[in-house]
Amino acid sequence: MFTFVHMKIKDLNQNRLLTPSMLYKYIDGKDLLSNLKILGTSAEARPIYGYRVGKGANKILVWSQMHGNESTTTKALIDFWSFLKTDQAEEILKGCTFLMIPQLNPDGSEAYTRLNANGVDLNRDFIDLSQPESRLLREIYDDFKPSYCFNLHGQRTIFSAGNTSIPATISFLAPSADLERSITPARALAMKLIVAANNKLQSFLPNAVGRYDDGFNINCAGDYFTAQGTPTVLFEAGHYPQDYNRKTSRKAVFDALIEMCEVISFNKINSFSVHDYPKIPENQKNLRDIEIYNLKGTSNGILSNKNKVFVQFKEELKDGVIFWSPYFDSLNEEHEGLNKINALNHTDLKNILVDFDTIKNLTKMISLLSLHE
Ligand SMILES: [Zn+2]
């Protein structure tokens, strides 16, 4: 078990970082550079590129890596660009015109941070417009006048699809346009696209599609654009069991993009019902990366009367490599581990944690917690 989890941790280091240079080298390798244009620059003066393709009446504005450490949807978006070069995409390109921004936050993508170089969450900046990246997206929106917006993100491993132990491998949201969470005409169209994608994804990911809570926040890009009357879909690439590289959610996002664009191109959107939208389970925070169970609690320590410890990974970029640092998360027995470790299979806790090299810090954390209790 330990070796297995350890292997997965090694895999984690390889793929989640997607800096601008890594991205554009990858795009070049796919022979997709020709339609790429500089749309503006970031706080640290890095270029922000866009890719324009298609001739259809439905204009679709797509952006990814607004949060720099959320690279899965960017990879799915490049997969989608590649798909658009194939014969199968003919109808989509007749129906839609795309403007796609693979990395709206290149500084955060370089530093592997959610925030931009000035420490601002760009997805909470749509009223203030304090940052060059959010101002650029607003200018592009005003100029391009999209019929639809797709806002691409990644979510943490903690989210389950509903009150289950199934990770939400992909989640969606049709953001609200007002505090009352009304189903405005724009929001209804976003809901129908999500219903279409959910129907499509169920055979591939049964019960693993989630929906985010729709509390209104006009500072968020999706809420702002929906309030302007543009149907906007939030995508969140999530976890699939043992797939920390997120190949499964990358495929889910790719499949969802194709399904939604086909529905739009073939004018099938009204064959889906907004009543099916709330049937998609709402995400809960039930999951944690590691569960160590059957622990023996110390008589007077924090572990007394508890037999489980939950550990989460924190991603940290050091010298160009992402390290996954484990930290103690909780003793909440309502949680469920994505990786489970049976303490009974090991003579004592200390040895377990020492064996399990990458979470050895947990030894210190648990003993500190016990001492403080
Ligand atoms: Zn995000």
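**Pockets, strands and loops**

Biologist: Which domains supply the lining of the largest pocket?

Modeller: Domain 1 (16-279) and domain 2 (287-372) each give at least three residues to that lining; the domain bounds come from an automatic or database domain assignment. This is a predicted model, where local features need pLDDT of at least 70, side-chain atom pairs count only at pLDDT 80 or more, and totals for chains, interfaces and linings use all residues. Residues are numbered from 1 along each chain as its sequence is written, and side-chain values use heavy atoms, with hydrogens and water left out.

Biologist: Thanks! What volume does the largest pocket have?

Modeller: About 1,200 Å³, counted as the space filled by probe spheres set on grid points joined across faces, edges and corners. Of the 49 residues lining the largest pocket, Glu70, Arg114, Gly154, Gln155 and Arg156 are the closest to its centre. A pocket here is an open set of points on a 1 Å grid over the protein atoms alone, where a 1.4 Å probe fits, with protein on both sides within 12 Å along at least five of seven lines; lining residues have an atom within 4 Å of a point.

Biologist: And which strand gives the most to the lining of the largest pocket?

Modeller: Strand 10, with 6 residues. Strand 10 (309-318) is one of the elements that supply at least two each, including helix 8 (221-227) and strand 8. Helices (H or I, at least four residues) and strands (E, at least two) are DSSP runs, numbered from the N terminus.

Biologist: How many charged residues are in the lining of the largest pocket?

Modeller: 18, next to 16 polar and 15 nonpolar ones. Asp, Glu, Lys and Arg count as charged, Ala, Val, Leu, Ile, Met, Phe, Trp, Tyr, Cys and Pro as nonpolar, and the others, Gly among them, as polar.

Biologist: What about the volume of the second largest pocket?

Modeller: About 220 Å³. Its lining has 13 residues, and the closest to its centre are Asn15, Leu18, Tyr26, Lys75 and Arg250. Helix 2 gives the most to this lining, with 3 residues.

Biologist: Back to strand 8: are its residues mostly covered or uncovered?

Modeller: Mostly covered: 6 of the 6 residues in strand 8 (232-237) are buried, meaning under 20% relative accessible area, with exposed over 50% and partly exposed in between (1.4 Å probe, protein chains only). Thr232, Leu234 and Glu236 point one way, while Val233, Phe235 and Ala237 point the other.

Biologist: In which sense does strand 5 pair with strand 8?

Modeller: Parallel, over 6 bridges; strands pair if DSSP finds at least two bridges between them. Strand 6 (170-173) pairs with strand 8 in the antiparallel sense over 4 bridges. Phe235 stands opposite Leu152 and is also the bridge partner of Phe172.

Biologist: Where is Thr230?

Modeller: In the loop between helix 8 and strand 8. Thr230 counts as buried because its relative accessible area is 6%. Leaving out residues up to four places away in sequence, Thr230 touches Tyr141, Pro146, Ser147, Tyr148, Cys149, Ala186 and Phe225, with contact meaning heavy atoms within 4.5 Å.

Biologist: Which residue has a positive phi in the hairpin of strand 10 and strand 11?

Modeller: Asp319, near 50°, in a hairpin with 2 residues between the strands. Most residues other than glycine have a negative phi. Arg181, not a glycine, has a positive phi of about 55°, and Asn207 has one near 60°.

Biologist: Is Arg181 buried or partly exposed?

Modeller: Partly exposed, with a relative accessible area of 38%. Arg181 sits in the loop between strand 6 and helix 7 (185-201), whereas Asn207 lies in the loop between helix 7 and strand 7 (209-211).
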